Amino acid sequence: MSKPDFDTFLAESINNTDSDITPQKDLWPGIEKALAQVPKPQTKSVTWPKLAGVAACSVVALLSVQLLFSGSEPATSVVMSDYFTQQKQTLLVQYQNQPALTDNWQQQLTELENAEEAIKQALNNEPENPALLKMLAQVYQQQLDLINKVHAPKWQQI
Amino acid sequence: MLIDAKHAFTQLSEDALIARVKSGDQNAYAALYELHVKRVYGLCLRLLADREHAEDATQEVFVQLWHKIASFEGQSQFSTWLHSVTSNIAISYLRKHKNWLQKVVSLEQSGMDEQSALDCQGLNGLDKLVLRLPERARMVFVLHAIEGYRHEEIATMLEMAVGSSKSQFHRARQLLKEWYENE
């Protein structure tokens, strides 16, 4: 028996669609636990939007650096990498004996480093792609901002 | 406790359950959950195309619903209102859980791979194809063709132009047709 044409299949499937699908695990215990907790006021993270703002402002400056070096022999990304690696190391050394304000900043830094690696891999195929270079600059700036932010004295956070 | 709640509230109408939930009765809420969880999960799975994400989003729906239900005034059917709440939460869930790179370059997530979709239990033939659609095409198709939203409404929900919603629907339809005919 031949199967119905697509339009018939689609119409019949939609009309006969049983909306119900059973989840594979029991979801109620998790919901019950969440309901049992006293509702807390929403505490939205304000760190990332601030960092993003700072990073966005810095990108302009970073791109200027990129343009400055665009005519030179080494790829722009290599020049940027060298520059920021130096900056990052300087900051890490500067703050090495200073306690960080958050516990998970190294995890955040790792995530940014993963993003950096992903962009670098993409740049291997398109070394002068301006969108990728801009993204690389952003991710470098975010790393520097993160390191600065978590080690800044508390009075600077007010 | 869930079993007790089911026994206790089996005979109650949905309206009565909702009234009890509004007054803070958690047993009534467990019964209401039982009534709707499969439908909410079905919608989350179709929108998110990922079982774990659909489970998380379903839990989020029922946690938020507990707080939102007071605003349900009965002007529409409860199931219609719940579908609207679910769609919005699933869309927010997807936005929140995009990784850094996807957010920066607006990368679109691909759908479920063919084998995973085939392995999904309890899905009909169309569902198994829908889960393979790329993110935007899938969401527009589910909201328009299955949930009955207008493109204008979808455009607002997904923060896209009405024309984009229409073209994503066309794209979804073409892909589904191609996959169906090559099955």
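**Entry 1: chain B, an overview**

I began with chain B and found 11 helices and 0 strands. Helices (H or I, at least four residues) and strands (E, at least two) are DSSP runs here, numbered from the N terminus. From the N terminus on, I read the elements of chain B as α-α-α-α-α-α-α-α-α-α-α.

Before going further I noted the ground rules: this is a predicted model, where local features need pLDDT of at least 70 and side-chain atom pairs count only at pLDDT 80 or more, while totals for chains, interfaces and linings use all residues. Residues are numbered from 1 along each chain as its sequence is written, and chains are lettered from A and ligands numbered from 1 in the order in which they are written.

Next I looked up burial, and 35% of the 183 residues in chain B are buried. A residue counts as buried if 20 or more other C-beta atoms lie within 10 Å of its own, as exposed if 12 or fewer do, and as partly exposed in between, with C-beta atoms placed from the backbone. I also checked contacts in chain B between residues at least 6 apart in sequence, and 55% of them join residues at least 24 apart. Two residues are in contact if their C-beta atoms, placed from the backbone, lie within 7 Å.

**Entry 2: chain A, for comparison**

I turned to chain A and found 6 helices and 0 strands. Along the sequence, chain A follows the pattern α-α-α-α-α-α. Of its 158 residues, 18% are buried. For contacts in chain A between residues at least 6 apart in sequence, I noted that 78% join residues at least 24 apart.

**Entry 3: the cores**

Which residues have the most contacts inside the largest nonpolar core? I found B:Cys44, B:Leu48 and B:Phe141, in a core of 47 residues. A nonpolar core is a set of buried Ala, Val, Leu, Ile, Met, Phe, Trp, Tyr and Cys residues joined through C-beta atoms within 7 Å. Several helices of chain B each supply at least two residues of this core, including H2 (14–22), H3 (26–48), H5 (78–96), H9 (135–146) and H11 (162–182). H3(B) gives the most to this core, with 14 residues. Domain 1 (9–107) and domain 2 (109–182) of chain B both contribute, so this core lies between them. The domain bounds come from an automatic or database domain assignment.

I stopped at B:Leu48 and listed what it touches, leaving out residues up to four places away in sequence: B:His53, B:Ala54, B:Ala57, B:Ala90, B:Tyr93 and B:Leu94. I jotted down a general remark: in soluble globular proteins, nonpolar side chains tend to be buried together.

**Entry 4: how H3(B) packs**

I followed H3(B) to two of its partners. H2(B) and H3(B) pack at an angle of about 135 degrees, with their axes 8 Å apart. That makes H2(B) oblique to H3(B). Angles under 35 degrees count as roughly parallel, over 145 as roughly antiparallel, 65 to 115 as roughly perpendicular and the rest as oblique. Axes are lines fitted to C-alpha atoms, for helices over the stretch in contact, and angles run from 0 to 180 degrees between N-to-C directions. Among the residues that meet here, I noted B:Leu17 and B:Ile18 in H2(B), and B:Leu32 and B:Leu35 in H3(B).

The axes of H3(B) and H5(B) come within 10 Å and cross at roughly 40 degrees. That makes H3(B) oblique to H5(B) as well. Residues meeting here include B:Cys44 and B:Leu48 in H3(B), and B:Ala90 and B:Tyr93 in H5(B).

**Entry 5: two loop residues**

Is B:Ala49 buried or exposed? With 27 C-beta neighbours inside 10 Å, B:Ala49 counts as buried. B:Ala49 sits in the loop between H3 and H4 of chain B, and has a positive phi of about 55 degrees although it is not a glycine. Most residues other than glycine have a negative phi.

B:Glu159 also has a positive phi of about 55 degrees without being a glycine. I placed B:Glu159 in the loop between H10 and H11 of chain B, and with 9 C-beta neighbours inside 10 Å it counts as exposed.
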